[in-house]
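I opened this entry to keep track of what I looked up.

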Amino acid sequence: PEHPFNNGAIKIRDEVLAPFPRTEEVVKIHRGEYYAITTHMDREVGRILDALEASGKADNTYVIFTSDHGLAMGSHGLMGKQNPYDHSIRMPFLISGPGIPKDRRVDDMIYMQSVYPTTCELAGLSVPKSVEFSSIKELTTGESEQGGESEIFGTYLTFQRLIRTQTHKLITYPKIGRTQLFDLLNDPDEINDLSDDPAYAKVKAELTVKLADQRKALGDGLLK
């Protein structure tokens, strides 16, 4: 019904589009609208692909489908995107075109910013030196089984910091001194906070160091 603590964005923007505490009825309404928008988008993307096919250029065109991120839509008592949970930070990424294997799924983690250097390389262009994110061209073409990120880092203003691996996620809330740790393999919905579980102390310590190193490298003024 409500998020258990103030994550720094508890009553702003999308969060005030539904009453507190959340109810099953209001969540269903929001999700119904969300699915309706998804259906509409799917139809419009289909029109674009049909036009591309009709043009005779489909076999010589790369098509990349991606977006910003998702919305909570009631999960964790939240409605919007200003939170560090997977339902609000993950994005879709699909690509097809010359040299891209069909029906292949890759579970590597990537940053959206890697899309730009990837398209540069697919087009035979040099990646500008100002680009800090790596290309995943060889990962998309199957030339390499590696190319994703071993850790993903995230931030929301001064309120949230996170590090995510394939197996775990550590979230810190600098303003309130709170930490969460989730075992993503056994708890993909991020329900059970293991930050105080002695069995996960080593994992927590390792991720804490990696997150601190990244924050230091980026000049995070909130790092203590």
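My notes on these topics follow.

This is a predicted model, in which local features need pLDDT of at least 70, side-chain atom pairs count only at pLDDT 80 or more, and totals for chains, interfaces and linings use all residues. Residues are numbered from 1 along each chain as its sequence is written, and side-chain values use heavy atoms, with hydrogens and water left out.

Next I checked aromatic pairs (ring centres of Phe, Tyr or Trp, the last by its six-membered ring, within 6.5 Å; planes under 30 degrees apart are stacked, over 60 edge-to-face, the rest tilted). I found five of them. Phe5 and Tyr173 are edge-to-face, because their planes stand at 85°, with centres 4.9 Å apart. These two residues are 168 residues apart in the chain.

I then looked up burial (buried is under 20% relative accessible area, exposed over 50%, partly exposed in between, with a 1.4 Å probe and protein chains only). Phe5 is buried at 9%, and Tyr173 is buried at 2%.

Last, I turned to Glu151, which is buried at 18%. I noted polar contacts (N or O atoms within 3.5 Å; within protein, one able to donate a hydrogen and the other to accept it; residues adjacent in sequence count only if both atoms are side-chain atoms). The Glu151 side chain makes one with the side chain of Lys210 at 3.0 Å, and one with that of Ser150 at 3.1 Å.

Technical notes. Helix = DSSP H or I, 4+ residues; strand = E, 2+ residues; numbered from the N terminus.
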